[in-house]
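Subject: Structure handover

Hi,

Here is the structure for you to open. Please keep it on screen while you read the notes below.

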Amino acid sequence: MKSISVHILRDCSAVGGGASRGRAFSYRFTRKSNQTRLSFPNLITTSYGFKSCSATLSVVAEVEEKPKFDVHKTALLVKELRKSFNSGRTRGYEWRVSQLKSIEKMIDEKEKEITEALHKDLSKPELEAFISEISQAKSSCKLALKELSYWMIPKKVKTSLTTYPSSAEIVSEPLGVVLVISTWNFPFLLSLDPVIGAISAGNAVVLKPSEIAPATSLLLSSLVEEYLDNSAIRVVQGAVDETTALLEQKWDKILYTGSARVGRIVMAAAAKHLTPVTLELGGKCPAVVDSNINLQVAVRRIIAGKWACNNGQACIDVDYIITTKEFAPKLIDSLIYELEQFFGKDPMESNDISRIVSSSHFARLVKLLDEDKVSDKIVLGGQRDENQLKIAPTILLDVPEDSLIMQEEIFGPLMPIVTVATDGLPFGGVGESGMGSYHGKFSFDAFSHKKAVLYRSFDGDASVRYPPYTPKRLRLLKALISGNIISIILALIGWSKD
């Protein structure tokens with residue numbers, strides 16, 4: 001039982017008695033079980049009728065702190081999940097299908113709540129939330145349900161003559177207890193998609209959603225607890241401390257989606273335990289726009305992939321455009337026209353474009369835009385509203401190569417256009433963009449170990465492979481390995497080609 005002190009500063013105007021002076025009162029009340037009772041034994045009532053009354057309450061309470069999710073609690077969690085995995089619970093086809101069907105049911109039944117959470121976190125329009133997150137997650141689930149039995153079938157491979165008589169196959173084995181650390185820009189899809197893969201492959205899994213999308217993180221925690229098997233599938237909410245505690249543990253696989261900076265931290269932590277990782281990171285992703293194209297279609301697709309896709313906060317969107325100096329003015333005019341068709345004359349007032357996810361990301365984008373050698377390169381947009389975390393679609397022309405905006409992934413509604421001559425076109429690379437892959441069958445493979453299995457018969461066991469190693473046996477083995485029929489016959493009858 002906790003006691004709480006409530007201090008009330010009352011300021012009331014009375015009918016017929018003038019304005020009463022502000023008076024302070026202090027009361028205590030107790031809380032028993034789930035009931036709260038307020039008692040004001042010393043409150044003096046009068047015959048005045050109050051016309052208006054306002055009170056300021058400050059509550060000083062003894063509140064039980066939420067238990068900290070530390071390394072010890074993380075270790076216990078992993079131990080519980082490993083016990084569940086070792087029992088064989090997650091390996092069976094029936095369990096995998098039951099969990100996938102539960103996810104499918106969850107998405108169908110909670111579509112409204114998912115849409116609302118995405119709007120709270122990113123102001124995602126309902127249509128965008130459905131197309132880019134809800135329907136995609138549902139499709140991943142349907143694909144896994146349809147193909148899982150095929151994915152699980154061992155794949156036959158040839159054996160060599162030296163192991164005759166034998167057969168061999170590659171079996172997709174679950175890795176064990178895996179950790180998925182998801183990102184904030186598609187917080188529902190990019191949390192569930194790898195989890196679907198991990199479940200399909202027969203693993204126990206912990207999901208750590210991004211704290212930068214708190215509404216979706218909270219919803220995922222609630223939905224997983226309600227719909228899925230919590231003995232094998234769990235969600236851990238939190239920020240740096242919780243993620244650090246999770247990374248201290250030994251996992252059988254870690255999948256991380258996010259920035260290269262955090263990717264390095266994840267990989268370093270995984271290296272301590274020789275844990276394999278899949279890293280889905282970002283990078284500079286240009287679009288090369290030639291003059292010999294359908295300009296309207298090209299521009300509409302660029303806009304749809306940039307500003308209508310989470311307002312540029314996606315690793316698959318166009319980071320910048322490369323075109324020729326001669327074609328750039330025509331391209332810019334088309335972009336300006338089509339942007340108005342999409343988002344109206346004032347895109348800051350449009351309900352069809354997402355906001356920036358947080359104040360820190362907003363400040364980062366403003367820093368890129370306000371750099372001395374960049375700010376005068378704006379040909380469209382540049383407006384921003386910090387209170388609403390909105391930045392208008394912005395086009396910049398020929399920003400310097402050494403500017404910040406060209407040195408890091410933009411991940412926002414800013415679009416530089418770089419003009420060249422044809423010989424100056426770059427050819428891309430990998431590295432900072434990560435390693436490994438997931439989505440669909442690739443997710444199943446990412447969380448599976450391809451175990452080589454050799455089956456050998458007891459029939460036809462040839463003594464030629466066993467000691468003592470006589471010259472005749474050596475000739476026969478060489479002939480068998482060479483596959484030359486004549487050599488084999490000669491070796492069997494004791495003749496030599498030499």
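A disulfide is a pair of cysteine sulfur atoms within 2.5 Å. By this rule the count here is 0 disulfides. C309 is in none; its nearest cysteine sulfur belongs to C315, 9.1 Å away. C315 is in none either; the nearest cysteine sulfur to C315 is that of C285, at 8.6 Å.

Some ground rules. This is a predicted model: local features need pLDDT of at least 70, side-chain atom pairs count only at pLDDT 80 or more, and totals for chains, interfaces and linings use all residues. Residues are numbered from 1 along each chain as its sequence is written, and side-chain values use heavy atoms, with hydrogens and water left out.

Next, burial. Buried means under 20% relative accessible area, exposed over 50%, and partly exposed in between (1.4 Å probe, protein chains only). C309 is buried, at 14%. C315 is partly exposed, at 37%.

Now helix α5, residues 189-200. Helices are DSSP runs (H or I, at least four residues), numbered from the N terminus. The expected span is 1.5 Å times one less than the number of residues. For the 12 residues of α5 that gives 16 Å, and the end C-alpha atoms are 16 Å apart, which agrees. How many residues of α5 are buried? 12 of the 12, so α5 is largely enclosed by the rest of the structure. Among them are D193, P194 and G197. G202 follows α5 and has a positive phi, near 90°.

Last, I489 lies in helix α16, residues 485-492. I489 is partly exposed, with a relative accessible area of 46%.

Best wishes

Note on methods:
Helices (H or I, at least four residues) and strands (E, at least two) are DSSP runs, numbered from the N terminus.
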